[in-house]
Amino acid sequence: MKIAVYCGAKPGNGDKYREAAEKIGTYIGSHGHTLIYGAGALGTMGIVAESVQKSAGDRENSIIGVIPQFMVDRGWQKKDLTQMIVTDSMSSRKAKMLELADIYIAMPGGPGTLEEITEAFSLATLDQHAKKCILCSLDGYYRPLQSMYQTMMKEGFMLPEMLERLFFAESVEDVLEQIEEEAHRGRS
């Protein structure tokens, strides 16, 4: 399964973000999945990719990085990926990641992370794909967003069935459980 992980170019404050990125990356690599990510070398992006590499060994196509040319020009890319796709813009990067992945996960991150998972979820509500979107809400990181979606439903701007493709995971274990469910569903 191809798993998009949206995460930060910064490490965040505290070990919990690094540890979560390591666990998710190790799981992806050791279970034969492919990481689809923003091709960055820094922050939790770099940690997820390093963990996939360590656990996947020399398995081909264990990591597909997607990065816009301006980031390559600045030297922000991780250079030892099994595959790198260079796009002409952030918009085309997001579109390519959406196209490639079978499931989308947002780790705690900044505005780019939030934008990416929001677009994936928005497209799901428009029936543009039937893929699950998972927000890794460590220590309630995404609870304000979860509350906002509840307000949207309460105020009549979103139907309850739209939330069927969105899952707020309270722990890394919850994220991994959701991946397992999707992988199992894909084999059925």
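Me: How many bridges join strand S5 to S6, and which way do the two strands run?
Reply: This is a predicted model, in which local features need pLDDT of at least 70, side-chain atom pairs count only at pLDDT 80 or more, and totals for chains, interfaces and linings use all residues. Residues are numbered from 1 along each chain as its sequence is written, and side-chain values use heavy atoms, with hydrogens and water left out. Strands here are DSSP runs of E with at least two residues, helices are runs of H or I with at least four, and both are numbered from the N terminus, while two strands pair if DSSP finds at least two bridges between them. Strand S5 covers residues 103–106, and the bridges between S5 and S6 number three, with the strands running parallel.

Me: Are the residues on the two faces of strand S6 buried or exposed?
Reply: In a regular strand the side chains alternate between the two faces of the sheet. In S6, residues 133–136, Cys-133 and Leu-135 lie on one side, and Ile-134 and Cys-136 on the other. Buried means under 20% relative accessible area, exposed over 50%, and partly exposed in between, with a 1.4 Å probe and protein chains only. By that rule, the four residues are all buried.

Me: What pattern does the chain follow along the sequence?
Reply: The chain holds seven helices and seven strands. Read along the sequence, their order is β-α-β-α-β-α-β-α-β-α-β-α-β-α.

Me: What share of the residues of the chain counts as buried?
Reply: The chain has 188 residues. The buried share of these is 48%.
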